[in-house]
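Student: Hi! Could you walk me through this structure?
Tutor: Happy to, let's look at it together.

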Amino acid sequence: MWFNSFGFWFFATVVLLVYHRLGHRLQNRFLLLASYFFYGCWDWRFLFLILFTTAFEFFSAGEIAKTADPNRRRRWVMASLLVELGILGLFKYFGFFLEELNRILGTVGLEHWEPGLRLILPAGISFYTFQALSYTIDVYRGRTTASRSFPDFALFISFFPQLVAGPIERSDHLLPQVENPRKLLSGVLFRDGLYLVMTGLFLKVVIADNMAWLANFVFAAQPEELNGAEVLIGIYAFAFQIYGDFAGYSAIAIGVSKWLGFDLMENFRRPYFAGNPREFWQRWHISLSTWLRDYLYIPLGGNRDGEGKTNRNLVLTMVLGGLWHGAAWTFVVWGGIHGLWLVVHRQWSRLLGRNAESGASGGVGKIAGILATFHLVCLTWLFFRAESIDQALGLLAALGSGWHLSDFVLTGVSLMAFFLGPWLAFEGWQEWRKDSQVLVKAPWQARAAFYLYVILMLLFFAAPVSVEFIYFQF
Amino acid sequence: MRLNEEVKVLLLVGLGLGCFEGLSRQFETRLSADLRQIRSHEEIPEKIAKAEQEGRESVLVLGNSLARAGLREPEIRERFAASHKPDPEVLYLTPDASDVSDWAAAYRRLFPGRHDSPEPSYVLVGTGRNHLEDRKVVSPEKLGAYHAGGSDYGRILRTWLKTTDERARFLIASVSSLFANRERLRPILFYNLIPGYESVAQRLNEGDVAKVMATGPGNASAERFGLLLDSIHLPAERVMVTAIPLPWTYELSPTLLEAAEKREVRVFAEESDRLWPREAFPDGYHLAPDGGAGFTRSVMARLLP
């Protein structure tokens, strides 16, 4: 049930109509039922898995909260980590390790090992596992109290708008909203939700899917068949495909949640306007980057043990962040480049005696920073999207060869100008006003004109072939 | 803030969409030749009735662009003349990119089988490899907006369309021309404004064509084909299914052949299982006029021996 399908909107309409006629307790039970139905539509068998994760984390956190004995508390949190990461590892990395094992066996002349087991990846497992883990860790750290209601906790884990692709919520933010009566649907909530849903659909259907059309062609071709300009178009297209896809999903999730009275965390804030890598990670997939910061980077020591260890922690965090996306060397390289780049930026900022957050002061410097950051991000997307390191290197090599304006380049540039131009101008306006809500605060006629434009674009310029949400596979 | 302000936003958006809907209804036939052809289907029963009054017979060619290119009007007339029959009314119900779902629905809507409604004297069904099989409906929008009649809605929603999405698209298109034709603006605009767009679009979609070519004889059911044949209230010898030649050889599925045989309808498939020269298909898919003429003569020789 994709967010850009009629099926989802039929489901969401029914949920909203019933939901707003119920009291708080019944609302929670009904939302839990709806969320399990939503998840069951992907594959009902994995309902048992999410139910197990929910029950295990509920029980573990309860045990942690019950005792003051630090050893016992540590044992339960370790058990929680082992079980959840074990499940995640089994579904997500088993195939990868098997492939690598067979490669090694092959090089020493041994037969391949076929365990006769093929695992399919449950939708959203990385998202809800991280959300569940953060809860237990927060209870262990004393930052949140253990939930006393299993149905409420189950809803916190499975809340359908953000279940399969985030934002990855924290227990101290979402759980109280589950446990306490929520705001009724007001004009403000409806307006904010509508704005997010409309922009989310535009990002997914108009931007991401149309860019996928271009990007898929480049990444499916042999690198030697492409000239440099075509490769560049493919990389740009993928940069906006993944942005539109993921930011679009997040916006719809947050928008639908607003209509249900929930306030989810912001997940994207115009990331391609970032002037440096640190700022990029403050704007891109914010719920994951803050999760990695709080549950990985800081526990590793953060920046407390000197420069060497800080740099190590940065690289390690980003590499593991890369692996979170999937088991492939391309993701490791993607994370590694981001980590190294954060290290270089940190050292560079220290050298210049400036805080890492402040970019070059002038307008030209700021634009140069934005362009440089965008292109470095694009370099990492090349590895992220490629099927293999060899393909990524092949495309990199092709990037430097035979630049000319082929039909594909002309079409690519024209389509990008047509689809991305107005959107980037809109984001530029938000950036200039330093306000993501700038349109929401504009006169209602402006919003109506914007929505009419969005609907007409959705109608007339949806991509020839609809593409699945990328992040559902993570 | 009151809810009223957002209601005003929605009303204004609705008004804007209403204006575009009006424009679409007014000018839809200017969007494509296919739409002009589809709109002209409404005149088919009238033309058949007129021909009947004049003592002439009528031939309805049912299919898509393959049938349009492969079953040609001059050669159909030629055979009628050779058989000393009056010049027939030759009519085409051949919307682009359509298949048996569209043909069955359109035929049933135009010729509901009442005693007072006219029906063609001959029906030639032109098909490619799997256009007669029960497949995923190619375009629920076109089916809803143009081909299906109200009496078939239940059947289509229950059994032909498989997902909520398809059903929603079918129903919305049945009331909105803007929605039904939403995919037509993109090619018109981009083909004309972006240099090289057409060749790039073909290149980018090459994979889809390759997939079609790679498929073998299907094993899908043939209920819609059966429904079409059952809706044609003519003696079996006046109906013929013709397998139109393609740049590759193919056979119709046994299920289809069985369905035709059960109703004693003849199938002309002699030309599709031999490899035609590539030059016979200048655009890589449709028969050139010469090839079409030759094929039509073979078909008509069988229809009117």
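Student: What's the strand order in the open sheet of chain B?
Tutor: The open sheet has 5 strands in the order β2-β1-β3-β4-β5 of chain B, with parallel pairing. This is a predicted model, where local features need pLDDT of at least 70, side-chain atom pairs count only at pLDDT 80 or more, and totals for chains, interfaces and linings use all residues. Residues are numbered from 1 along each chain as its sequence is written, while chains are lettered from A and ligands numbered from 1 in the order in which they are written. Strands (E, at least two residues) and helices (H or I, at least four) are DSSP runs, numbered from the N terminus, and two strands pair if DSSP finds at least two bridges between them.

Student: Which ones are the edge strands?
Tutor: β2 and β5 (266-268) of chain B, each pairing on one side only. From one strand to the next, the twist averages 20°. Angles run from 0 to 180 degrees between N-to-C directions, and axes are lines fitted to C-alpha atoms, for helices over the stretch in contact.

Student: How many bridges join β4 and β5 of chain B?
Tutor: β4(B) (residues 239-243) and β5(B) pair in the parallel sense over 3 bridges. Thr242(B) has Phe268(B) as its bridge partner in β5(B).

Student: Which helix packs on the sheet, touching β1 and β2?
Tutor: Helix α3 of chain B (residues 44-53), and its direction makes about 165° with that of β2(B). For contacts, the C-beta atoms of two residues, placed from the backbone, must lie within 7 Å.

Student: And β2(B), is that strand buried or exposed?
Tutor: Buried: 5 of the 5 residues of β2(B) (89-93) are, so the strand is largely enclosed by the rest of the structure. A residue is buried if 20 or more other C-beta atoms lie within 10 Å of its own, exposed if 12 or fewer, and partly exposed in between, with C-beta atoms placed from the backbone. Glu89(B), Leu91(B) and Leu93(B) are on one side of β2(B), Val90(B) and Tyr92(B) on the other. Strand β1(B) (58-62) pairs with β2(B) in the parallel sense over 5 bridges, and Leu60(B) is partnered with Leu91(B).

Student: New topic: how many residues of chain A are in contact with chain B?
Tutor: 27 residues of chain A, against 28 residues of chain B. α18(A) gives the most to chain A's side, with 9 residues. That side divides into 18 nonpolar, 6 polar and 3 charged residues. Here Ala, Val, Leu, Ile, Met, Phe, Trp, Tyr, Cys and Pro count as nonpolar, Asp, Glu, Lys and Arg as charged, and the others, Gly among them, as polar.

Student: At what angle do α1(A) and α9(B) cross?
Tutor: Roughly 90°, with the axes of α1(A) (6-19) and α9(B) (164-175) coming within 7 Å. That makes α1(A) roughly perpendicular to α9(B); the label covers 65 to 115 degrees, while under 35 is roughly parallel, over 145 roughly antiparallel and the rest oblique. Phe6(A), Gly7(A) and Phe10(A) make the contact with Thr164(B), Asp165(B) and Ala168(B).

Student: Last one: where is Cys41(A) found?
Tutor: In helix α2 of chain A (residues 24-43). Cys41(A) counts as partly exposed, with 14 C-beta neighbours inside 10 Å. The C-alpha atoms of Cys41(A) and Met1(A) are separated by 6.7 Å, though these residues are 40 apart along the chain.
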